[in-house]
Amino acid sequence: MTTSIIAFIAYGVAVLAIGLWASRKSQSTPEEIHLGGREHGKWTSALSSSASTESGFVLLGMVGMGFSVGANAFWIVPAGVFGYLLMWLVLGPKLRQKSADLKVVTMPELIAVSTGGGRVSRLASVLASLLALTFLCAYVSAQFNAAGKALSVQFEMPFWTAAVTGATLVVVYALLGGFRAVSWTDNVQALMMLFALVALPVIVVAHLGGPAAMLEKLGAVDPKLTSLTGGAQGAGVLMATLPWLMLGLAYPGQPHAVARLMAAKDQSVFRPAAVIAIVWFVLIYSGAVTLGMAARAGFAGVEEIAKDPEHILPVLAHDFLPGLVAGVTVAAIMAAICSTADSTLLSAATTVVRDLRTAWIRSRTKGGSTEMRESATTELMLVRGVILLLACVATAVALSDSTGNVFGLVLYAWSGLGASLGPVTLYCALARRPHPVAALAGLLVGGTLAFAIQGHALDLLIGFSASAGAVIIVHFLATRLGATPEPVKE
């Protein structure tokens with residue numbers, strides 16, 4: 001236990017040190033505050049974006065899904081590869097160029113400015129901001145819940161103490177170094193996640209006698225667990241695979257991931273970053289599902305695992321690894337949690353300060369517009385204040401349900417952001433002259449469905465398709481009717 005604590009403390013000190021180092025860098029312009037000065041190379045872009053989207057969802061949630069549904073969960077791997085290709089090779093280059101040309105630093109700003117900056121454009125931007133804030137707060141709560149689960153199992157502390165400890169660590173280094181600290185720590189955290197989900201699955205599968213023996217034992221528990229289709233046949237195969245495959249559609253709707261695309265230093269980053277990100281994704285998700293399957297094959301009766309499969313990783317790390325290595329593994333869980341919690345907190349705070357606050361000031365100014373003349377220092381302090389406030393709210397939500405399902409809550413936020421913001425982000429980044437009414441229609445349709453059919457097996461696919469359809473139809477009608485958008489105000 002002592003060595004585990006030492007390893008965890010060392011991780012905490014390391015990320016705080018990175019936060020302090022990042023705080024020495026200039027934060028005197030909006031681009032420096034919200035995008036780290038657009039200076040990310042291929043490694044930081046790839047690992048930071050990947051770690052910020054693949055959170056406690058993979059180290060706790062996907063391991064738990066491997067335990068619950070077996071090999072069927074492997075379908076998330078091609079889904080993620082598709083999503084990464086969409087992000088890095090289709091959206092990324094266009095978004096990086098357009099955001100720099102228009103001098104925008106957030107997704108709602110992109111929507112407002114690229115569609116002309118008029119009244120409808122601003123309304124679409126406000127709606128996008130509200131949707132982003134709602135789902136990002138759910139995302140953060142899920143991460144703090146995951147922190148409570150991981151630390152309470154490994155260090156035998158109360159859930160509330162564990163959740164507050166994780167939240168405090170995230171908030172402190174995010175406050176210190178802002179976007180740069182969040183991105184730089186994501187690099188370290190991505191490598192720690194890779195270690196945990198390659199080393200531990202290998203050790204546990206070897207303990208069970210190797211892959212063949214593990215699959216044999218798993219089949220004895222339930223033959224469906226070794227089937228990629230979960231035992232489904234005929235038309236049932238589609239419903240067994242499609243809910244996994246559709247998850248890749250959601251990547252363009254994640255504000256914390258889109259910010260990493262805007263932060264790339266130039267166009268040369270995207271192709272190599274895509275390779276790095278995809279290799280990392282395949283390794284950690286394959287490892288997560290394999291570990292869950294191995295736990296079902298040999299350790300389903302362990303009390304903590306039987307009670308909640310999302311405890312698998314910390315329980316097996318505690319039982320199979322030397323204290324120091326177990327501590328590093330638990331620190332890797334915290335790394336996954338922190339890498340998403342910090343990014344989503346920062347994105348949510350940026351949305352409040354940069355987008356919603358600007359819209360509120362304009363609404364109270366005669367003529368509906370105003371020039372933001374405040375100093376970067378004021379904007380930075382406001383972002384820090386909102387980070388602290390949102391972290392307190394998210395922690396309170398996490399503490400209200402210590403048995404909450406991390407996988408389910410993250411999936412809710414992931415699908416909601418993907419369905420409501422994804423099609424409109426693609427439209428505003430890729431279209432030469434996106435129309436404000438088309439963007440607003442996409443947000444209204446996608447946002448409404450994100451809430452109305454939440455929990456349906458195909459909620460993301462239905463919401464994304466309907467939103468994209470609304471964008472296409474309204475854009476076509478507006479163009480045919482000659483209702484051209486206002487010229488972009490650069």
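This is a predicted model: local features need pLDDT of at least 70, side-chain atom pairs count only at pLDDT 80 or more; totals for chains, interfaces and linings use all residues.
This note sets out points on helix packing, the nonpolar core and selected residues of the structure.

1. Basis. Residues are numbered from 1 along each chain as its sequence is written, and side-chain values use heavy atoms, with hydrogens and water left out.

2. Helices H18 and H19. Helix H18 (residues 436-452) packs against helix H19 (residues 459-480) at about 160°, and their axes are 8 Å apart. H18 is therefore roughly antiparallel to H19 (an angle over 145 degrees). Helices here are DSSP runs of H or I with at least four residues, and axes are lines fitted to C-alpha atoms over the stretch in contact, with angles from 0 to 180 degrees between N-to-C directions. On the H18 side the contact (heavy atoms within 4.5 Å) includes Val437, Ala441 and Leu449, and on the H19 side it includes Ile462, Ala466 and His475. The contact comprises 10 nonpolar, 5 polar and no charged residues; Ala, Val, Leu, Ile, Met, Phe, Trp, Tyr, Cys and Pro count as nonpolar, Asp, Glu, Lys and Arg as charged, and the others, Gly among them, as polar.

3. Helix H6. Of the 8 residues of helix H6 (residues 107-114), 7 are buried, so H6 is largely enclosed by the rest of the structure. Buried means under 20% relative accessible area, with a 1.4 Å probe and protein chains only. Glu109 is among the buried residues, as are Met107 and Pro108. The cover over them includes H7, H18, helix H5 (76-102) and helix H15 (323-363).

4. H6 against H17. The axes of H6 and H17 cross at roughly 50° and come within 10 Å. Met107, Leu110, Ile111 and Ser114 of H6 meet Leu421, Val424, Thr425, Cys428 and Ala429 of H17. This contact has 7 nonpolar, 2 polar and no charged residues.

5. The nonpolar core. The largest nonpolar core holds 156 residues, and Tyr11, Leu59, Met62 and Phe144 have the most contacts inside it. Such a core is a set of buried Ala, Val, Leu, Ile, Met, Phe, Trp, Tyr and Cys residues joined through side-chain atoms within 4.5 Å. Helix H7 (residues 119-155) gives the largest share, 18 residues. Beyond its neighbours within four places in sequence, tyrosine 11 touches residues including Leu169, Met192 and Cys338.

6. Isoleucine 276. This residue lies in helix H12 (residues 270-298). Isoleucine 276 is buried, with a relative accessible area of 15%. Leaving aside neighbours within four places in sequence, isoleucine 276 is in contact with Lys42, Trp43, Ala46 and Leu47.

Note on methods
Helices (H or I, at least four residues) and strands (E, at least two) are DSSP runs, numbered from the N terminus. Angles under 35 degrees count as roughly parallel, over 145 as roughly antiparallel, 65 to 115 as roughly perpendicular and the rest as oblique. Buried means under 20% relative accessible area, exposed over 50%, partly exposed in between (1.4 Å probe, protein chains only).
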